[in-house]
Amino acid sequence: MGEFRQARWFEPLIFSIGSSGRRGYSIPSIRDTDRSALRDIPENLRRRRLPDLPEVSEVEVVKHFTRLSQMNFGVDNGLYPLGSCTMKYNPKMNDAVASLDEVRWIHPFQPEETLQGMLEVMYKLDLWLCEITGMHKFSLQPAAGANGECTGILIIRAYHQMHDELKKRREIIVPDSAHGTNPASASMGGFEVVTVPSDDSGCIDIEALKEAVSPRTAGLMLTNPNTLGIFEERIREIEEIIHDAGGLLYYDGANMNAILGKARPGDMGFDIVHLNLHKTFSTPHGGGGPGAGPVGVKEHLKDFLPVPLVEYDGKKYYLNYNVPHSIGKVKGFYCNFDVIVRAFAYILTVGAEGLKSISEISVLNANYLASKISCIRGFEIPYGKGKPRKHEFVASCSGLKSETRVSAKNVAKRLLDYGIHAPTIYFPPIVDEALMIEPTESASIEELDEFVKVMEAISKEAYENPEKVLSAPHNTSVGPIDEVKASHPRTLCLSWRMYKRKFMKE
Ligand SMILES: *Cc1c(COP(=O)(O)O)cnc(C)c1O
């Protein structure tokens, strides 16, 4: 195990660096002829006050952000086994493609004939996603997974409304292992959420599902493989139960890396699917974006998709606003194009065989780790004992906690001391002291072995010297933080303007 120590700078806000009048550039001042052009700007559009920007030199800016980056942890630093929501394989070439001038400088108000290349990218990505998922048409508009879910729920609504059943069909069924955004999207769409439990095998409890289904059922939202990393083997049965009751099936495909090229939600009987391009198809994300959560549907729901759809008439690509029962728009303009183009480049470069090996490696990596971690003192892998996992698994350290007081949170923080990003913790809530671990297809065997060694070391520490783990992290740029303060609206400070208002009493 290598020694890890994160950079520790006292780094002030950029507004506190530099001094009044300092600039990060030197360009000639505006010539008089151009100045007269400035006078043509209407009075009401002229800026009266200078914008409140930091006044710093170029060198200060570079140092500031380099230091901040050294105090951070990302997919380019080391293992990042954050279950479910993690960034999976992320070839840098796709960032280069998204940075091409042709991509960066396009504008949504450009005439269609000048956007043919971009529309072709969107059209073809739609076709490829259809092939990958077994759906018939995609909208690339939603900007995130949750935005995609909401779109799907609005489609379910519109569908029942058209069949004059919306008044009756008020409920969306969601398993208790679902991602939190699922029930949130369902209730934002005006539905009531009915939760069904998982059984010991970690799959949806079929008997409980049968009981939950009724003429009030509008649909089911399901993640498969589910958040325990287990594939719902009885998916065809589940499909029948929901469809027989007149409901629709929604597939949460945020994390598709376990089944790419292997299994398709369309073939499992799902009517609506969303994908998270920013997780599975290589867009670096975090801190709120950027993302894309395209939504795909089967033939019978095509006419409900958001407008515009990208179509091809044999000669040119065009934006089709003529979608009879469209739910309207779910985001400004057409999509987050930089994310779309990365996904396009990703699929194009890895190819069909590459997609399959991504699934194989992600599943192999997760199972290798799961088998090693289940042998570490204080840890176990509950639900579906001995069942193979897909791209991730959920370990519990409730044994460790009762014997040493060291909790999942402490383990996660101690991992940071060893240069490994913390896994997702306390999720799904059905697992006590949960550590949700997803090594992804990007991790090498050496990295996985290193992770196992670190986990063994943490377990040993917990039994021999629990204080060391309880007070972690020690080697990071920021030590243990006060979690209540860190998330309390009264202490949270999210912008310079807020900071000034709160602390500088201007
Ligand atoms: C990440 C995730 C979501 C939500 O996606 P966002 O882009 O964060 O809105 C939904 N479901 C699952 C299973 C996820 O992992």
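User: Which residues in α5 meet residues in α12, and how should I read such a pairing?

Analyst: This is a predicted model, in which local features need pLDDT of at least 70 and side-chain atom pairs count only at pLDDT 80 or more, while totals for chains, interfaces and linings use all residues. Residues are numbered from 1 along each chain as its sequence is written, and side-chain values use heavy atoms, with hydrogens and water left out. On the α5 side the residues are Met-118, Val-121, Met-122, Lys-124, Leu-125, Trp-128, Leu-129 and Ile-132, and they meet Phe-337, Ile-340, Val-341, Ala-343, Phe-344, Ile-347, Leu-348 and Leu-355 in α12, where contact means heavy atoms within 4.5 Å. By class this contact has 15 nonpolar residues, no polar residues and one charged residue; Ala, Val, Leu, Ile, Met, Phe, Trp, Tyr, Cys and Pro count as nonpolar, Asp, Glu, Lys and Arg as charged, and the others, Gly among them, as polar.

User: At roughly what angle do the axes of α5 and α12 cross?

Analyst: Two packed helices are described by the angle between their axes and the distance between the axes. Helix α5 (residues 116-133) and helix α12 (residues 337-373) have axes that come within 10 Å and cross at roughly 45 degrees; the axes are lines fitted to C-alpha atoms over the stretch in contact, with angles from 0 to 180 degrees between N-to-C directions, and the helices are DSSP runs (H or I, at least four residues; strands are E, at least two) numbered from the N terminus. The two helices are therefore oblique to each other, given that angles under 35 degrees count as roughly parallel, over 145 as roughly antiparallel, 65 to 115 as roughly perpendicular and the rest as oblique. Their crossing is left-handed, a term for a near helix turned anticlockwise from the far one by less than a right angle, with clockwise being right-handed.

User: How does α12 pack with α15?

Analyst: Helix α12 and helix α15 (residues 445-464) pack at about 25 degrees with their axes 10 Å apart, and that makes α12 roughly parallel to α15. The contact is made by Asn-365, Tyr-368, Leu-369, Lys-372 and Ile-373 of α12 with Ile-445, Leu-448, Asp-449, Phe-451, Val-452 and Met-455 of α15, a set that divides into eight nonpolar, one polar and two charged residues. The crossing of α12 and α15 is right-handed.

User: What area do domain 1 and domain 2 bury between them?

Analyst: The size of an interface is often given as the accessible area lost when the parts come together. The domain assignment, an automatic or database one, gives domain 1 (96-348) and domain 2 (352-486), whose C-alpha centres lie 30 Å apart. Between them they bury about 2,000 Å², 61% of it on carbon and sulfur atoms, the area being computed with a 1.4 Å probe and summed over both parts. Thr-227, Leu-228 and Asn-257 supply 28% of the area that domain 1 buries against domain 2, more than any other three residues. In terms of contacts, 29 residues of domain 1 touch 23 residues of domain 2.

Note on methods. Buried area is the accessible area (1.4 Å probe) that two parts lose on being put together, summed over both.
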